[in-house]
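Please read them with the structure open.

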There are 2 protein chains.
Amino acid sequence: MDLHAMDLYIKSLIKEAGHRICNSFLTDITIESKSNANDLVTNIDKEIEQFFIGRIRRDFPGHRIFGEEGFGDDIQTSEGVIWMLDPIDGTMNFVHQKRNFAISLGIFKDGVGQLGYIYDVVNDDLYHGVKGRGAYYNDEQMRPLMETVIAESIVAMNATWAVPNRYLDHEGTLQLIRDVRGMRSYGSAALELAYLASGRVDAYISMRLSPWDIAGGMVIAQEVGAVTTNFKGEPANLLKQDTFIAANPAIHQELLKKYIRLK
Amino acid sequence: MDLHAMDLYIKSLIKEAGHRICNSFLTDITIESKSNANDLVTNIDKEIEQFFIGRIRRDFPGHRIFGEEGFGDDIQTSEGVIWMLDPIDGTMNFVHQKRNFAISLGIFKDGVGQLGYIYDVVNDDLYHGVKGRGAYYNDEQMRPLMETVIAESIVAMNATWAVPNRYLDHEGTLQLIRDVRGMRSYGSAALELAYLASGRVDAYISMRLSPWDIAGGMVIAQEVGAVTTNFKGEPANLLKQDTFIAANPAIHQELLKKYIRLK
């Protein structure tokens with residue numbers, strides 16, 4: 001893989017997709033629910049995924065595509081090159097706010113992240129990472145994360161996980177809320193990972209994410225030194241839904257050991 | 001009061017203050033704690049408040065100033081014209097993120113809001129409202145809020161209030177988290193009120209806010225039909241700290257009656 005050539009190709013592709021999303025604000029958007037009433041999808045999510053797939057099939061015929069809306073391939077194994085795509089991460093924000101959503105794309109080869117992209121469409125902010133060559137916020141290289149402690153950290157997490165639930169002991173979550181400097185919730189896993197990589201938050205935690213939610217962000221976050229695992233401390237599963245924590249390396253272990261108690 | 005002339009004056013003043021804040025990113029910022037370790041203040045908060053006060057005293061000598069950093073007047077009554085100012089609302093975001101903070105300013109006359117401003121400095125987005133003449137996002141008039149229901153609402157609230165606390169029954173908060181479409185937390189009361197007025201969230205709830213946190217946002221929110229009260233359903237107290245809820249009129253009463261149970 002020529003990472004440099006692919007990087008240029010992908011940036012241009014993502015900007016074109018972003019332009020299509022912005023244009024959609026001028027048209028009627030059709031909203032449906034998926035797994036539950038609050039799991040939204042729109043015709044634009046679908047159209048943008050199909051736009052990406054058309055281009056990737058034409059220009060990279062040997063590659064496979066794992067996309068949120070299901071128009072890609074049926075992915076059961078991690079070999080070869082896989083494009084993991086969420087055409088609109090944060091669909092609820094897209095529908096309700098017309099901002100605070102992102103295109104999320106990760107390119108993995110034999111299970112190893114090579115290229116990662118998070119494009120905050122409305123702000124025209126592109127975060128990207130190239131394995132071994134650093135992470136960038138637009139054209140500016142992002143710095144390695146600075147050391148921190150829990151009491152001075154900002155953690156991004158949905159308030160849902162403070163409610164008694166079947167995944168983890170919510171008392172641990174409540175203790176975390178008490179102990180950190182601040183909690184934030186932006187409603188887009190991709191943007192929250194971009195914020196982590198930028199040092200604007202110090203951890204991002206979610207009980208349930210899909211590979212396309214985190215693939216792009218993982219490559220970017222790892223390039224600035226963030227640690228990304230599931231709640232057992234293992235590498236996040238990129239073939240199916242899993243728990244997920246991405247954090248500043250100085251607090252990752254403490255978050256897992258002290259606050260996150262899987263049921 | 002000539003609201004139109006004051007509006008032009010204030011917009012220019014706020015933009016100048018925003019420019020000073022942006023310039024501060026090039027200098028060293030000194031951070032201190034106030035009431036607790038997470039209640040931050042910087043030299044920039046203080047400098048910007050003093051900048052406003054200098055101009056207001058010179059150009060509106062009869063007016064009083066109620067500012068977060070305490071350089072203004074000792075305000076015990078609401079008569080006359082009072083400028084309620086938070087020079088940097090969301091200081092934690094200012095320090096950690098260098099974004100997601102705002103200048104918040106409300107001008108009240110004999111206790112009635114006349115002019116309100118929320119300036120998202122980094123995005124150069126100004127929200128403002130003029131009593132009886134509408135609310136604006138930059139130069140675009142904002143539309144009256146559309147009807148909604150709890151199950152399709154996005155509520156902005158800090159996760160802190162899901163933790164058992166001395167102000168309200170946190171079980172009500174947990175039920176709210178279960179029942180709404182989504183929860184968000186941005187870390188700036190002013191920006192969360194601007195989001196409410198824009199229809200990007202449908203309610204903003206906080207157990208403890210000061211007059212300068214909400215004064216500007218109240219004028220803006222009321223111009224698009226939002227209802228702003230304390231948790232007892234009374235007008236928010238603009239002389240001291242109080243509980244606060246600002247919501248789409250279609251859900252304000254239900255939020256108060258069903259979910260917010262004061263201890």
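1. In chain A, A:Tyr136 stands opposite A:Gln141, a residue of β9(A). The strand β8(A), residues 134–137, pairs with β9(A) in the antiparallel sense, over 2 bridges. Bear in mind throughout that this is a predicted model.

2. These strands belong to an open sheet of 7 strands in chain A, with the order β3-β4-β5-β6-β7-β8-β9 and mixed pairing. The edges are taken by β3 (64–67) and β9 (140–141) of chain A; each has a single partner strand, so one side of each is left without a neighbour in the sheet.

3. Turning to chain B, β8(B), residues 134–137, and β9(B), residues 140–141, run antiparallel and are joined by 2 bridges. Here B:Tyr137 has B:Glu140 of β9(B) as its bridge partner. The hairpin of β8(B) and β9(B) has 2 residues between the strands, and B:Asn138 takes a positive phi near 55°.

4. B:Gly129 stands opposite B:Ala135, which lies in β8(B). β7(B) and β8(B) also form a hairpin, with 3 residues between them, and B:Gly132 in the turn has a positive phi of about 80°.

5. How do the two chains relate? Chain B can be laid on chain A by a turn of 180° and a shift of 0.0 Å along the axis, with an RMSD of 0.0 Å. The two copies are thus related as by a two-fold rotation axis. In chain B, the C-alpha nearest the axis belongs to B:Ser185, at 2.3 Å from it. The same surface serves both copies, since 100% of the contact residues of chain B recur in chain A.

6. The contact takes 38 residues from chain B and 38 residues from chain A. Between them the chains bury about 3000 Å², and 48% of this is on carbon and sulfur atoms.

7. Which polar links cross the interface of chain B and chain A? There are 17 residue pairs in polar contact, both residues being at pLDDT 80 or more. The count of salt bridges between chain B and chain A is 0.

8. On the side of chain B that touches chain A, the elements that give two or more residues are α3 (91–97), β7 (125–130), α4 (170–179) and β11 (182–184) of chain B. Of these, α3(B) gives the most, with 4 residues. By class, that side of chain B has 18 nonpolar, 12 polar and 8 charged residues.

9. Over all chains the count comes to 20 salt bridges. One of the salt bridges is formed by B:Glu16 with B:Arg55, whose closest N and O atoms are 2.9 Å apart. This pair links distant parts of the chain: B:Glu16 is in helix α1(B), residues 3–24, and B:Arg55 is in helix α2(B), residues 43–59, with the two residues 39 apart. Side chains of opposite charge can pair when their charged atoms come close.

Note on methods: Residues are numbered from 1 along each chain as its sequence is written. Chains are lettered from A and ligands numbered from 1 in the order in which they are written. This is a predicted model: local features need pLDDT of at least 70, side-chain atom pairs count only at pLDDT 80 or more; totals for chains, interfaces and linings use all residues. Side-chain values use heavy atoms; hydrogens and water are left out. Copies are superposed by least squares on the C-alpha atoms of residues with pLDDT of at least 70 in both. Contact means heavy atoms within 4.5 Å. Buried area is the accessible area (1.4 Å probe) that two parts lose on being put together, summed over both. A salt bridge is a side-chain nitrogen of Lys or Arg within 4 Å of a carboxyl oxygen of Asp or Glu. A polar contact is a pair of N or O atoms within 3.5 Å; within protein, one must be able to donate a hydrogen and the other to accept it, and residues adjacent in sequence count only if both atoms are side-chain atoms. Ala, Val, Leu, Ile, Met, Phe, Trp, Tyr, Cys and Pro count as nonpolar, Asp, Glu, Lys and Arg as charged, and the others, Gly among them, as polar. Two strands pair if DSSP finds at least two bridges between them.
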